Amino acid sequence: MSSRRSRISEEEITELISKLQSLLPETRRRGASRASAAKVLKETCNYIKSLHREVDDLSGRLSELMATMDVDSAQAEIVRSLFRS
Amino acid sequence: MDSKSSACSSPNPNPTLGPSKLMLAFRFLRALSLVRRTTPASSRTCRGRRIERAAYASMAYTAGASRAWSRAVLRRLHHRARRRAVAPRRLSTTAGNRAEALRRLVPGGGGMDYCTLLEETADYIKCLSMQVELMQGIVDSASSYGP
């Protein structure tokens with residue numbers, strides 16, 4: 001990292017990058033040691049893309065299920081499980 | 001390396017996951033009911049797209065107006081015309097192309113300084129994964145009831 005940047009900014013950025021790394025599934029699985037900012041940003045981009053794809057995919061599945069599923073029961077079940085957790 | 005970015009404002013204290021998860025669930029399930037009632041059964045693809053929009057809307061409303069990404073999502077949703085234009089950047093990035101790609105993925109990312117982008121990204125990821133978890137839970141729950 002450039003030493004020309006103020007120390008406070010640099011520390012905060014390092015901390016934010018570290019926080020991002022802790023959110024990545026790779027880190028949760030393997031407990032990675034600190035990775036470079038570039039790697040974290042790349043993994044973050046991949047993770048966001050995969051989450052977008054999941055939303056897309058799950059939307060399609062919900063649409064298909066909607067014809068047959070009992071929405072009220074599913075709703076009640078979800079809410080119950082959230083209150084329990 | 002750009003040293004112009006000012007020191008970051010202290011990040012908002014994160015809302016606890018518990019109440020937000022519940023709020024998200026209520027909003028999204030209500031939106032699902034609405035989609036079900038108002039979309040003809042024949043147009044499954046259209047319904048899928050509406051469900052997807054409901055997902056992002058629920059996320060954004062639950063996150064509230066304090067987040068730049070949620071405001072950007074709601075602005076995007078309320079404009080019927082699907083414009084792909086990204087707002088011009090005010091500051092140059094400090095990590096080159098990687099930050100560029102991130103700016104395109106995080107709603108509202110184009111106009112943020114690097115620090116804010118990182119904060120917003122963290123919050124966006126948390127909310128996105130919560131939404132995915134919720135949707136998966138509904139799919140699992142609905143599948144187990146069966147026809």
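This is a predicted model: local features need pLDDT of at least 70, side-chain atom pairs count only at pLDDT 80 or more; totals for chains, interfaces and linings use all residues.
Chain A is built from four helices and has zero strands. Read from the N terminus, its elements follow the order α-α-α-α. Of its 85 residues, 38% count as buried. The accessible surface of chain A amounts to about 5000 Å², and carbon and sulfur atoms account for 48% of that surface.

On the side of chain A, 45 residues are in contact with chain B, and 55 residues of chain B take part in return. The area buried between the two chains is about 4800 Å², and 75% of this area comes from carbon and sulfur atoms. Within chain A, the residues that lose the most area to chain B are Val55(A), Leu62(A) and Met66(A), which together make up 12% of what that side buries.

Three helices of chain A each give two or more residues to the side that touches chain B: helix H1 (7–23), helix H3 (37–66) and helix H4 (71–84). Among the elements of chain A, H3(A) gives the most to this side, with 21 residues. Sorted by class, the side of chain A that touches chain B holds 25 nonpolar, eight polar and twelve charged residues.

The count of salt bridges between chain A and chain B is one. This salt bridge joins Arg49(B) to Asp56(A), and the closest N and O atoms of the pair are 2.6 Å apart.

Ser59(A) lies in helix H3 of chain A. Apart from its neighbours within four places in sequence, Ser59(A) is in contact with Gly48(B), Ile51(B), Glu52(B) and Met135(B). Is Ser59(A) buried or exposed? Ser59(A) has a relative accessible area of 0% and therefore counts as buried, the cut-off for that class being under 20% relative accessible area.

The salt bridge between Asp56(A) and Arg49(B) accompanies a buried area to which carbon and sulfur atoms give 75%.

Methods: Residues are numbered from 1 along each chain as its sequence is written. Chains are lettered from A and ligands numbered from 1 in the order in which they are written. Side-chain values use heavy atoms; hydrogens and water are left out. Contact means heavy atoms within 4.5 Å. Buried area is the accessible area (1.4 Å probe) that two parts lose on being put together, summed over both. A salt bridge is a side-chain nitrogen of Lys or Arg within 4 Å of a carboxyl oxygen of Asp or Glu. Ala, Val, Leu, Ile, Met, Phe, Trp, Tyr, Cys and Pro count as nonpolar, Asp, Glu, Lys and Arg as charged, and the others, Gly among them, as polar. Buried means under 20% relative accessible area, exposed over 50%, partly exposed in between (1.4 Å probe, protein chains only). Accessible areas come from the Shrake-Rupley method with a 1.4 Å probe; for residues, only the protein chains shown count as cover.
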